[in-house]
Amino acid sequence: MTQAEESCPHCNGAGWLRINAPVGDPRFGKLYPCVCRTNATEQSNLDDLYRLSNLDAFAGKVFLNFDPEMQGSGEGYDAATEFAAQPEGWLLLLGGFGTGKTHLAAAIANHVVQDHRMQVYFAVAPDLLHHLRAAYAPTSDTSYDERFEQIRSVYLLVIDDLGAEQSTPWAVEKLYQIFNYRYNNRLPTVITSNSDLDSLDPRIRSRVCDPDLCRHVLMLGTDYRMRKMDPRFAKGQGTGLRGQARGQRNSRP
């Protein structure tokens, strides 16, 4: 294949096109990116976010190997598969350790990347903040502003273990800015947490608790890791989250 054949038929490999406008038109002489350049940028962002998300480590977290018959996990499984098939609004998975929240959140992320080929950023809340701080470093390939915009405007944002982050004023403000942007633009977002909602910043809690946008699912199963170690856990123990989610579960049809 020759170099000419490999070049984009629209811009001949230049990556930019000039608007065909008459002299005197404000668009005269202006350049705009060709579709080949736009596609390359989108693919670059997809690859960069996939690397940041470390989804390779969660490659085995898919719906196929999740057990929906596990105690307290059926509703979460149904909600997650529905969301993955058609990512709209927000989904909040609440529950104790080992109830399958992270597995389902990662399964959603993997499905959207592999089946929808859309940009996804998946991170534990402390790691998200770490990625933002790392962008301040002089050795960073990406500026802070670029990284922040990349995360807050990604097609699907999956934040695992919200509430586990260190609540410094800077961290709280950055998380609020991300949540507020996605709330205002109604961007698909998945959140997992084992924290009391009352412990969240009131501005974030208000947005997460909007029943018109966010569906809450309470996963009350016991820690399956501990059950495997000791049969005494098979009897079941509460997560302490039932009260905080009262009136919120199934808030969306």
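Mentor: Let us begin with Phe148, which counts as buried because its relative accessibility is 10%, below the cut-off of 20% for that label. Please keep in mind throughout that what you see is a predicted model.

Phe148 forms an aromatic pair with Tyr144, and this pair is stacked, with 5.9 Å from centre to centre and 20° between the planes. Both residues belong to helix 6, which covers residues 144-152, and since they are four residues apart there, about one helical turn separates them. Tyr144 is itself buried, with a relative accessible area of 12%. Tyr144 also pairs with Tyr136: the two ring centres are 4.6 Å apart and the planes stand at 5°, so this pair is stacked, planes under 30 degrees apart being counted that way. Tyr136, however, is partly exposed, its relative accessible area being 49%. The structure holds seven aromatic pairs, and elsewhere ring pairs join Phe63, Phe66 and Tyr77 into a cluster.

Tyr77 leads us to helix 3, residues 74-85, where it is buried together with Gly76, Ala79, Ala80, Phe83 and Ala84.

The buried residues in helix 4 are Lys101, His103, Leu104, Ala105, Ala106, Ala107, Ile108, Ala109, Asn110, Val112 and Val113. After helix 4 comes Arg117, whose phi is positive, near 55°.

Helix 5, residues 125-134, has Ala125, Leu128, Leu129, His131 and Leu132 buried. Seen down the axis of helix 5, these buried residues fall within an arc of 155°, so they line one face of the helix.

Positive phi values also turn up in loops. Asn54 is a residue other than glycine with a positive phi, near 55°, and it lies in the loop between helix 2 and helix 3; with a relative accessible area of 44%, Asn54 is partly exposed. Arg186, likewise not a glycine, has a positive phi of about 55° and sits in the loop between helix 7 (169-185) and strand 6, where its relative accessible area of 42% makes it partly exposed.

Back in helix 2, residues 35-53, we find Arg51, which counts as exposed at 53% relative accessibility. Although Arg51 and Phe122 are 71 residues apart along the chain, their C-alpha atoms are separated by 9.9 Å.

Stepping back to the chain as a whole, its secondary structure comes to nine helices and seven strands, and buried residues make up 43% of its 253 residues. Among the contacts with a separation of 6 or more, 75% are accounted for by residues 24 or more positions apart. The accessible surface comes to about 13700 Å², and 50% of it belongs to carbon and sulfur atoms.

The mean pLDDT of the chain is 81, with 72% of the residues reaching 70 or more. Confidence is highest in strand 6 (residues 189-193), at a mean of 97, and lowest in helix 1 (residues 3-6), at 42. Over residues 1-5 the pLDDT is below 50, and this stretch has one contact in the model beyond near neighbours in sequence. Residues 236-253 also stay under 50 in pLDDT, yet the model has 44 contacts for them beyond four places in sequence.

Technical notes:
Residues are numbered from 1 along each chain as its sequence is written. This is a predicted model: local features need pLDDT of at least 70, side-chain atom pairs count only at pLDDT 80 or more; totals for chains, interfaces and linings use all residues. Side-chain values use heavy atoms; hydrogens and water are left out. Buried means under 20% relative accessible area, exposed over 50%, partly exposed in between (1.4 Å probe, protein chains only). Helices (H or I, at least four residues) and strands (E, at least two) are DSSP runs, numbered from the N terminus. The arc is that of the directions from the helix axis to the C-beta atoms. pLDDT is the predictor's confidence in each residue, from 0 to 100. Contact means heavy atoms within 4.5 Å. Accessible areas come from the Shrake-Rupley method with a 1.4 Å probe; for residues, only the protein chains shown count as cover. Rings of Phe, Tyr and Trp (its six-membered ring) pair if their centres lie within 6.5 Å; planes under 30 degrees apart count as stacked, over 60 as edge-to-face and the rest as tilted.
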